[in-house]
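Please look over the model below before reading my points. They are meant to be checked one by one against the structure.

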Amino acid sequence: RFAVVIAVDGPAASGKGTIARALAAHFGLPHMDTGSLYRAVGLAVLRAGGDPADAALAAKCARTLDVAVLDDPALREPSTARAASVVSAHPEVRAALLECQQAFARQPGGAVLDGRDIGTVIAPDADIKIFVTASLDVRAKRRQAETPERDYAVVRANLAERDARDAERDAAPLRQADDSILLDTSDMDRETAIARAIALAEARL
Ligand code: C5P
């Protein structure tokens with residue numbers, strides 16, 4: 001069987017992780033959630049008592065990343081998400097995490113990776129690129145349902161802040177690759193979004 005590389009990008013809480021996992025299961029491919037790498041770096045900086053804005057410290061944490069931390073439930077906490085979005089703007093951090101992501105994408109049978117810059121930087125030659133999006137309100141409602149933070153306005157403001165940082169940074173900003181398929185999940189439930197993504201991917205193979 002030939003190798004298929006699938007890049008899934010999009011903003012926070014767009015459904016990209018769910019879609020990437022479903023595509024991986026459907027095609028029998030390994031999956032990497034690249035956001036967890038940046039979260040792990042953010043968490044390592046916080047645990048070292050440092051400031052995520054400190055590029056040198058963040059780069060050191062990225063270069064010495066302990067894969068055991070990738071299973072840490074603290075990766076999902078809002079404070080970690082915020083730290084991840086700050087450390088991910090440092091070019092040194094992105095450079096340190098580049099090779100492991102590209103190696104994952106080069107596996108013999110192919111792979112599914114989800115993140116912000118998979119179709120643009122990590123795997124620009126991916127066979128299938130899907131850019132998953134949804135309106136800020138819909139994403140905030142989804143995120144609210146899965147985080148301890150109950151205040152909708154706080155969840156929405158945090159997402160908007162993270163979106164802005166991801167889109168406006170100089171190093172690999174979040175943007176839709178020219179050759180990607182746009183999948184707006186605002187009006188879709190989970191099952192519909194997954195079915196649509198699988199149909200789009202099948203049509204491209
Ligand atoms: O996708 P997730 O919310 O887990 O990503 C956490 C943060 O990591 C994002 O806000 C983004 O700043 C950063 N990230 C990135 N590039 C990726 C994946 C995530 O900059 N490929």
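Predicted model: local features only at pLDDT ≥ 70, side-chain atom pairs only at ≥ 80, totals over all residues.

1. Start with helix α2 (residues 35-47) and helix α5 (residues 91-105), which pack at an angle of about 135° with their axes 11 Å apart. That angle makes α2 oblique to α5. The crossing of the two helices is right-handed.

2. Which residues of α2 and α5 meet? From α2 come Leu37, Tyr38 and Val41, and from α5 come Val93, Arg94, Leu97, Cys100 and Gln101. Sorted by class, this contact has 6 nonpolar, 1 polar and 1 charged residues.

3. In helix α3 (residues 55-63), the buried residues include Ala58, Ala59, Cys61 and Ala62. Viewed down the axis of α3, its buried residues fall within an arc of 160°, so they line one face of the helix. Among the elements covering these buried residues are α2, α4 (78-87) and α5. On the face of α3 turned away from the buried side sit Ala56, Lys60 and Arg63, which are exposed.

4. Ala13 lies in the loop between β1 (4-9) and α1 (16-27). Its phi is positive, about 60°, although Ala13 is not a glycine. Is Ala13 buried or exposed? With a relative accessible area of 11%, Ala13 is buried.

5. Ala172 is also worth a look. Its place is in the loop between α8 (152-168) and β5 (181-184). Ala172 has a positive phi of about 45° and is not a glycine. Its relative accessibility is 17%, and Ala172 counts as buried because the cut-off is under 20%.

Conventions: Residues numbered from 1 in each chain as written. Heavy atoms only, no water. Axes fitted to C-alpha atoms, helices over the stretch in contact; angles between N-to-C directions. Helix = DSSP H or I, 4+ residues; strand = E, 2+ residues; numbered from the N terminus. Parallel < 35°, antiparallel > 145°, perpendicular 65-115°, else oblique. Left-handed = near helix turned anticlockwise from the far one by under 90°. Contact = heavy atoms within 4.5 Å. Nonpolar A, V, L, I, M, F, W, Y, C, P; charged D, E, K, R; others polar. Buried < 20%, exposed > 50% of the residue type's maximum accessible area, 1.4 Å probe, protein only. Arc of directions from axis to C-beta.
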